[in-house]
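Please consider the protein model shown below.

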Amino acid sequence: MTKTAVIIGGGISGIFVMKDLLEKKTAAKEDLKIVLIKREESGWVSVCGLPYALRGWYEIEKVVINKPEFFTEQGVDFRTNTEVEWINTDDKTLKLKEKETLKYDYLVIATGRKPALPEVIEQSTLKNIFTLNSMEDALEIEAAIKSGTVKNALVRGRGIIALQAAAATSANHIKTTVLAGPPSLLPGGLDPDMGDMLKDWMQNQGIEFILEKKPITGLREDKGTVSSVLIGEGGEKEIPAEMIVIAKGMRPNVRLAVEAGIETGHTGGIITDSTLHVKKRGSYLKEVYALGDCIEVIDGITLRPRLNQLASTSVVQANVISDNIISDIEGNPCLYSSYDPCVGPVVAEIAGMNFGSVGVTTEAAERAGIKTISGKATKLTKARYFPGAKPLTMKLIFDAFSMRLIGAQMISEVPVSDRVNEMAVAIRARVTAEDLESTERCFDPSLSLLVDVTVDAAQEALKNKLIC
């Protein structure tokens with residue numbers, strides 16, 4: 001008997017559930033029909049690659065991994081330009097805005113996130129006001145940049161998307177101002193002392209920052225296009241801007257779930273159990289799953305709910321959901337899997353500077369009642385006489401009682417992804433400062449230093465422990 005799995009959302013979360021089900025369904029005894037529904041016209045798009053395309057590294061079209069036809073040829077009912085109007089979990093149906101009703105055996109909610117738009121922006125009909133959440137958004141921003149009429153840009157936000165948008169407009173010789181709250185950049189991943197290093201770097205490239213609690217309170221126009229932005233109560237300050245990019249406060253897109261009676265947490269994300277089933281009327285629904293930017297997860301350090309809106313998180317969650325759907329179809333518990341509390345490793349290149357973090361920041365630890373001791377060090381990544389030797393600053397955060405690693409942050413002109421992954425494993429393995437100090441590390445002067453910056457940062461933390 002054929003089972004039907006319907007996936008709502010064609011971002012990285014929905015695409016990977018679909019891909020994993022395609023790969024795993026060949027082992028199922030029963031047939032599985034896969035339906036994917038997305039609002040956009042595109043197929044599989046690498047949204048994370050859009051800011052780099054806007055900087056001119058490659059054409060925007062190159063972020064298209066697969067067109068819809070690629071998946072329809074594999075038997076997927078891949079529906080683009082389609083929206084779901086409502087979900088009824090009691091009779092296992094959903095209705096499309098085109099008035100069609102679909103029946104499902106398994107439902108996967110992967111509706112993603114949406115930026116928090118200031119009221120004055122939400123109500124505006126002026127041209128050249130954008131978000132950066134899709135390929136369509138990027139194409140519109142690119143058109144505005146290439147029009148030659150944009151001399152000034154305002155970016156609202158201080159997260160990765162906002163800063164990469166600022167880097168893109170600045171790279172196109174547009175005077176760029178970033179408006180965000182205090183005290184510094186990337187507060188979800190960096191302590192202020194580390195965030196300030198990135199801010200200084202971007203300021204040296206001509207990007208200006210207003211890190212104050214000043215809302216956007218008004219807009220001025222020129223022939224239907226935004227020309228400047230008024231900020232602060234009463235519009236106390238005016239900033240020239242022929243283009244605005246809003247990338248602040250990415251909120252889980254949960255309207256469909258909430259209207260269906262599915263529960264959300266205090267973070268605004270959908271509540272799930274460890275197998276990513278959603279919750280309704282106090283019980284978890286066996287046939288309904290959710291993942292990605294629209295759900296809240298459990299933090300691996302604080303054990304409290306949080307949002308973790310990262311593509312790498314979605315990939316792991318997609319594997320769990322596909323395992324559990326196939327396990328249920330097969331009636332084989334050995335195929336089942338669960339999603340662990342997350343530590344959220346993240347990296348990004350912003351305006352030529354690389355940042356990475358994993359675990360908790362000092363502030364997040366303090367909010368959870370965890371007292372911390374940290375160590376910070378700056379060293380070259382290889383011998384000073386080798387070409388390409390660049391400094392790397394690393395900050396390690398430890399639980400003050402156990403000296404177990406609970407957070408790591410780094411800033412460098414060279415890539416830091418391998419180091420972030422190393423620290424993610426170390427956090428999960430409950431590695432201590434003493435472990436990091438005494439662990440043997442590889443050495444070659446063309447690739448590394450004899451005493452790595454990790455060791456120096458751990459030793460600094462141990463010194464601070466003694467002082468404490």
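In this predicted model, strand 15 and strand 16 form a hairpin with two residues between them. Lys-223, which lies in the turn, has a positive phi of about 55°. Strand 15 covers residues 216-222 and runs antiparallel to strand 16, to which six bridges join it. Within this pairing, Glu-221 stands opposite Val-226 of strand 16.

Strand 17 spans residues 237-240; four bridges join it to strand 16, and the two run antiparallel. Val-229 is placed opposite Ile-239 in strand 17. Strand 16 itself, residues 225-231, is mostly covered, with five of its seven residues buried.

Positive phi values also occur in other loops. Asn-81, although not a glycine, has a positive phi of about 50°; this residue is found in the loop between strand 5 (77-79) and strand 6 (84-88). Met-403, likewise a residue other than glycine, has a positive phi near 60° and sits in the loop between strand 27 (391-399) and strand 28 (405-412). Are these two residues buried or exposed, or in between? Asn-81 has a relative accessible area of 48% and is therefore partly exposed. Met-403 counts as buried because its relative accessibility is 2%, and the cut-off for buried is under 20%.

A further backbone feature involves two prolines. The peptide bond from Pro-182 to Pro-183 is cis, with omega near 0°. Pro-183 belongs to the loop between strand 13 (175-180) and helix 7 (192-204).

The largest cavity contains about 30 Å³ of space. Its lining consists of Leu-54, Leu-132, Ile-141, Ile-145, Ala-165, Ala-168, Thr-169 and Val-245. Helix 5 (135-146) and helix 6 (160-171) each supply at least two residues of this lining. Helix 6 gives the most, with three residues.

On the surface, Phe-443, Leu-450 and Val-451 form a nonpolar patch, and together they have about 300 Å² of accessible area. Val-451 is located in the loop between helix 12 (433-438) and helix 13 (453-467). Because its relative accessibility is 37%, Val-451 counts as partly exposed.

Note on methods: Residues numbered from 1 in each chain as written. Predicted model: local features only at pLDDT ≥ 70, side-chain atom pairs only at ≥ 80, totals over all residues. Heavy atoms only, no water. Patch = residues over 30% accessible without salt bridge, like charges linked within 9 Å, V, L, I, M, F, W, Y side chains within 5 Å. Areas by Shrake-Rupley, 256 points an atom, 1.4 Å probe, with all protein chains shown as cover. Salt bridge = Lys/Arg side-chain N within 4 Å of Asp/Glu carboxyl O. Buried < 20%, exposed > 50% of the residue type's maximum accessible area, 1.4 Å probe, protein only. Pairing = 2+ DSSP bridges. 1 Å grid on protein atoms, 1.4 Å probe; cavity = no way out; pocket = protein on both sides within 12 Å on 5 of 7 lines; lining within 4 Å. Points joined across faces, edges and corners; volume = space filled by probe spheres on them.
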